[in-house]
Amino acid sequence: MKKILLINGPNLNMLGIREPGVYGNDTLESLERMFCDYAKSRGVAAKCFQSNHEGELVEKLHEAHFNFDGVVYNPGAHTHYSYAIRDAVGSIATPVVEVHISDVSAREAWRNVSVVAPACVAQVKGRGFQGYCDALDILLDGAAERLGEGFEEVYAPGQVIIAGKSARREEKQ
Ligand code: DQA
């Protein structure tokens, strides 16, 4: 049976309390339960991990290389600046899908940038908790290619961008 790791980064333990207008009223516990139930329905085993500490997250990603077939990862604010997290994702062969509950491209300018996504095989954003299930589907569809540097220029903007599979932007004139 395939093993999938769900990782949530900093402040996602505050779901249900934190900015409900942006992230909704449901808790991390309910998110993890939903994810595990969905994984079970798709015939895979899921484990869940949340941390507010960058080093712990780096170590969990390394562990995923040895023990998991795929990772669904919401890096929280680390998305926008943590090269340590980006390098950790780039260090492992296990495919990682980056997920955001909110649409980070429609919020503050600093949230538009993901330094982590280029090392991931896909990015899912703005689909609420459903995005985590979409990410699992992407992994089970066999996504393996990384998005790569400058992927935003290569792929048409959208809530779901999958390396090698999403629509490409029109050639610039
Ligand atoms: C988030 C978006 C990030 O910008 C923010 O720092 C988070 C949550 C999301 O799920 O929408 O912590 O990753």
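This is a predicted model: local features need pLDDT of at least 70, side-chain atom pairs count only at pLDDT 80 or more; totals for chains, interfaces and linings use all residues.

Colleague: How is the packing of two helices read, and at what angle do α2 and α5 pack?

Modeller: One begins with the angle between the axes and the distance that separates them. Helix α2 spans residues 28-41 and helix α5 spans residues 130-140; they pack at an angle of about 30 degrees, and their axes are 10 Å apart. Angles under 35 degrees count as roughly parallel, and α2 and α5 are therefore roughly parallel to each other.

Colleague: Is the crossing of α2 and α5 left-handed or right-handed?

Modeller: The crossing of these two helices is right-handed.

Colleague: Which residues of α2 and α5 meet?

Modeller: On the α2 side they are L31, M34, F35, Y38 and A39, and on the α5 side Y132, C133, L136 and D137. By class, this contact has eight nonpolar residues, no polar ones and one charged residue.

Colleague: How far apart are the axes of α3 and α4, and at what angle do the helices pack?

Modeller: The axes of α3 (residues 54-67) and α4 (residues 83-91) lie 9 Å apart, at an angle of about 5 degrees. Helices α3 and α4 are therefore also roughly parallel to each other. From α3, the contact involves E54, L57, V58, L61 and H62; from α4, it involves A84, I85, A88 and V89. Seven of the contact residues are nonpolar, one is polar and one is charged.

Colleague: Turning to spaces, how much space lies in the largest pocket, and which residues are closest to its centre?

Modeller: The largest pocket holds about 160 Å³ of space. It is lined by 13 residues, and S105, Q123, K125, E152 and I161 are the closest to its centre. Strand β5 (122-125) and helix α6 (151-154) are the elements that each give two or more residues to this lining. By class, the lining has five nonpolar, five polar and three charged residues.

Colleague: How many cavities of 30 Å³ or more does the structure hold, and what lines the largest cavity?

Modeller: A cavity is a space from which the probe cannot get out. The structure holds one cavity of 30 Å³ or more. About 110 Å³ of space lies in the largest cavity. Its lining comprises 13 residues, with R18, Y23, N74, G76 and H100 nearest the centre. That lining divides into five nonpolar, five polar and three charged residues.

How values were computed. Residues are numbered from 1 along each chain as its sequence is written. Side-chain values use heavy atoms; hydrogens and water are left out. Axes are lines fitted to C-alpha atoms, for helices over the stretch in contact, and angles run from 0 to 180 degrees between N-to-C directions. Helices (H or I, at least four residues) and strands (E, at least two) are DSSP runs, numbered from the N terminus. Angles under 35 degrees count as roughly parallel, over 145 as roughly antiparallel, 65 to 115 as roughly perpendicular and the rest as oblique. A crossing is left-handed if the near helix is turned anticlockwise from the far one by less than a right angle, and right-handed if clockwise. Contact means heavy atoms within 4.5 Å. Ala, Val, Leu, Ile, Met, Phe, Trp, Tyr, Cys and Pro count as nonpolar, Asp, Glu, Lys and Arg as charged, and the others, Gly among them, as polar. On a 1 Å grid over the protein atoms alone, a cavity is a set of points where a 1.4 Å probe fits but cannot get out, and a pocket is an open set with protein on both sides within 12 Å along at least five of seven lines; lining residues have an atom within 4 Å of a point. Grid points are joined across faces, edges and corners, and a volume is the space filled by probe spheres set on the points.
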